[in-house]
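Hi,

Here is the structure I promised to pass on. Have a look at it first, and my notes on a few of its helices follow below.

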Amino acid sequence: MGFFPLYILQLPLFKFLLQIDHIVHNGGLYKRPFNEAFEETPMLVAVLTYVGYGVLTLFGYLRDFMRQWKIEKCQNAIEREEQKDFVPLYQDFENFYTRNLYMRIRDTWNRPICSVPGAKVDVMERVSHDYNWTFTYTGRVIKGVINMGSYNYLGFAQNNGACQQAAAKVLSRYGAGVCSSRQEMGNLDKHEELEKLVARFLGVESAMAYGMGFATNSMNIPALVGKGCLILSDELNHASLVLGARLSGAAIRIFKHNNMRSLEKLLKDAIVHGQPRTRRPWKKILILVEGIYSMEGSIVRLPEVIALKKKYKSYLYLDEAHSIGALGPTGRGVVEYFGLNPEDVDVMMGTFTKSFGAAGGYIGGKKELIDYLRTHSHSAVYATSLSPPVVEQIITSMKCIMGEDGTNFGRECVQQLAENTRYFRRRLKEMGFIIYGNEDSPVVPLMLYMPAKIGAFGREMLKRNIGVVVVGFPATPIIESRARFCLSAAHTKEMLDTALKEINEVGDLLQLKYSRHRLVPLLDRPFDETTYEETED
């Protein structure tokens, strides 16, 4: 009898029953497999990472001591001598971190390019003679660098083709800018054409376009909620969502990333206890989530979020900055990816800066919602309208994705992105790297962990003509530094194979192949009952 459990685990029937249990656990909400995993950090790697930061911090204090006694030259920003009695303008720790840790690897960020950010880019070479405080250009251009860092998911960020021709024609007719807000003299027929097209693309009643994706979140959330309202925000939401929530004046509570038990607990507590002190019911409860989380490469558990939203009579704000165009059979985002009804999402937000190769953002939803935002959103009232050529770039690329240009090019781009994503992720896992996120996410985080390896990885990849983005604390948890690859439909298989070959070599050189293939699905991650609040009314 003692061997029975081990034996039965090998039976196909038992595996089938496990799948049934998974479906029941999720309420039968998923129509397709949802494969998302985060492999645990090896203990030795975690310890060495903390030791590395500890050594950097100790040497940072030593260098500060030397600067104070004029032994070493001080190059950081400081207040003028006559302002010494003022409250410090710069935060102490932030300044300490910048001058002693960030500056050591600053050369791996803010690299200037001098070409279209397509599948390949040209990078301007620069050198520093004062430990990355200042840079000088050598005059040399590193050509043909494979671009693994831009959010050019569908490859529309080009200076040729139908989008370029259409934008050039509109530029000659309308000019480069409008120089006014939509409510004054900045409302063009092109803006209205774009908004009707966006609404049709999303499958909603109405939509409104904005000139900046960040401002779409930070300026519209305060128009939707305020004092006496409650915002439930995913702990890994983008800074624009965080800023919008703080500007609203509403109470904010944070739930564990993509953890539905954490979200449901907060919803229950909010309904049972109401507002602090008065115990009155909250005026509104708004859930803030993203379609694809750009640092984790994870996809929101939207079917479960919608189920909870309906169960507890709350509202849902979905940020599709990275998922619109990049997910779904026809590129309509995470709602289409899960086969859901767009009407179940109260506020559909997205940007034109990624998949459409343009600029700006949008809000889609019920006509009443959009009419309200046209008069109450600061971004709609005060911000300058979208540039006409940019509008035409969005219109042309969106029609291409929808197949309204008379070709299958847009759909082929969506399919190519999905194929590139699965191939690239599978190969990296086979090599032994720890890769975060969903198998269908074009954002692919490769874990580096140790601070010294952040700069080393970025430099070694550029030596091999591969442009990558490396990310560390405070943008990520202190022991979860990573390289973030962004895949594009413009990447050919030959480009991906070249990049994979070089990544494999650098991985061996820097000893980055930490994977033990012990994947911990997010659903089964330990749940901490002690969720915390960011602000309280």
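Helix α3 (residues 43-68) packs against helix α4 (residues 92-100) at about 95°, and their axes are 10 Å apart. Helices here are DSSP runs of H or I, at least four residues, numbered from the N terminus; axes are lines fitted to C-alpha atoms over the stretch in contact, with angles between N-to-C directions running from 0 to 180 degrees. The two are therefore roughly perpendicular (65 to 115 degrees). On the α3 side, the residues that meet α4 include Tyr53, Tyr61 and Arg67, and α4 brings Phe96, Tyr97, Arg99 and Asn100 (contact means heavy atoms within 4.5 Å).

This is a predicted model, where local features need pLDDT of at least 70 and side-chain atom pairs 80 or more, while totals for chains, interfaces and linings use all residues. Numbering starts from 1 along each chain as its sequence is written, and side-chain values use heavy atoms, without hydrogens or water.

Next, α9 (residues 260-273). Its buried residues are Met260, Ser262, Leu263, Glu264, Leu266, Leu267 and Ala270 (buried means under 20% relative accessible area, with a 1.4 Å probe and protein chains only). Among the elements covering them are β6 (251-255) and α10 (302-311); strands are DSSP runs of E, at least two residues. At the start of α9, a side-chain oxygen of asparagine 259 comes to within 3.1 Å of the backbone nitrogen of arginine 261. After α9 comes glycine 274, with a positive phi near 65°.

Finally, α7 is largely enclosed by the rest of the structure, because nine of its twelve residues are buried. Asn217 and Ile221 are among those buried.

Cheers

Terms used: Parallel < 35°, antiparallel > 145°, perpendicular 65-115°, else oblique. Buried < 20%, exposed > 50% of the residue type's maximum accessible area, 1.4 Å probe, protein only. Polar contact = N/O pair within 3.5 Å; in protein donor to acceptor, adjacent residues only side chain to side chain.
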